[in-house]
Amino acid sequence: MDFSGRVALVTGGASGIGAAVARRLAARGAAIVIADRDLVGATALRDDLVAKGARAIAIQMDVSDPASVAAGVSKASELGPLRLLVNSAGITGTGHLIGETPADDWRQVMAVNLDGPFHTMNATFPVMAAAGGGAVVNVSSVMGTVAAGRFAGYTAAKHGLIGLTKAAALDGVASGIRVNSVGPGFIDSPLQAGPMDVSRRAEVAARHPLGRWGTADEVAALIIWLLSEEAAFVT
């Protein structure tokens, strides 16, 4: 899978799945735009990729803000025509029962996890179409098909992201833009870095058929396949 000459925008690219995707794409020749609210982390990753010979820039982006997204997409054009997009930015929320969930918490989770991918696709589709097409991968979750108590916002947003992916895939066909989503189980990443004791981690691991947590790099391996020409018939 050779991505030479392709420019990729990765949201949530400073850590976790996003960073793993950025590293794999850069190793295969892509120019990388690392977009994250954490500019320090994004810059550190950019410096590491550049030191290894990759072309990369770091930008601060709030995916819930259309103006921030538009500015980031414009900045990405400095590397060349944007052809690849990975929507990895996400938050879980604070975890409350229905009836006790603050409206602000619900709105923030939806704004990042569902509005964010809409804003990035809305901004990048015209750019990709002008460049001759492209590929998008949205990072949903196992919670996009099942549910968890205390995380209604996260569960609803990830269900919604799968629906958004299907609609965007149909809208992208005429412009040569493929759109897919992945739904990882529990992955060792900063998103899961909250307080969880050893017994709870073991319980979560046991829910997976393989009996362990996944790694960000394992998810990234699937994502870059979906971005590649190897998946040319997959949308």
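Contact here means heavy atoms within 4.5 Å of one another. The structure is a predicted model, in which local features need pLDDT of at least 70 and side-chain atom pairs count only at pLDDT 80 or more, while totals for chains, interfaces and linings use all residues. Residues are numbered from 1 along each chain as its sequence is written, and side-chain values use heavy atoms, with hydrogens and water left out.

View 1. K158 is found in helix 5, which covers residues 152–172; helices (H or I, at least four residues) and strands (E, at least two) are DSSP runs numbered from the N terminus. Leaving aside neighbours within four places in sequence, K158 is in contact with N113, V139, S140, S141, M143 and G144. K158 is buried yet has no salt bridge, and the nearest side chain of opposite charge, D115, is 12 Å away. Buried means under 20% relative accessible area, exposed over 50%, and partly exposed in between (1.4 Å probe, protein chains only). Lys and Arg count as positive and Asp and Glu as negative, with His and the chain ends not counted, and a salt bridge is a side-chain nitrogen of Lys or Arg within 4 Å of a carboxyl oxygen of Asp or Glu.

**View 2. I34 in strand 2.** I34 has its place in strand 2, residues 31–36, and counts as buried because its relative accessibility is 0%. Apart from neighbours within four places in sequence, its contacts include V10, G13, A14, L45 and I57. The C-alpha atoms of I34 and G12, which are 22 residues apart along the chain, are separated by 7.6 Å.

View 3. A147 lies in the loop between strand 5 (134–139) and helix 5, and is exposed because its relative accessible area is 63%. A147 and V10 are 137 residues apart in sequence and 27 Å apart in space, C-alpha to C-alpha.

**View 4. Salt bridges involving helix 6.** The salt-bridge count comes to 10. One of them joins D188 and R201, with the closest N and O atoms 2.7 Å apart; this pair links distant parts of the chain, D188 being in strand 7 (residues 187–188) and R201 in helix 6 (residues 198–206), 13 residues apart. Both D188, at a relative accessible area of 41%, and R201, at 27%, are partly exposed. Within helix 6, R200 and E203 lie three residues apart, about one turn of the helix, and their side chains meet in a salt bridge (3.2 Å, N to O). E203 also forms a salt bridge with R207, whose closest N and O atoms are 3.5 Å apart.

**View 5. The largest cavity.** On a 1 Å grid over the protein atoms alone, a cavity is a set of points where a 1.4 Å probe fits but cannot get out, a pocket is an open set with protein on both sides within 12 Å along at least five of seven lines, and lining residues have an atom within 4 Å of a point. About 80 Å³ of space lies in the largest cavity, and of the 14 residues that line this cavity, the closest to its centre are D105, R150, F151, A152 and G153. Helix 4 (103–131) and helix 5 each supply at least two residues of the lining.

Key
Grid points are joined across faces, edges and corners, and a volume is the space filled by probe spheres set on the points.
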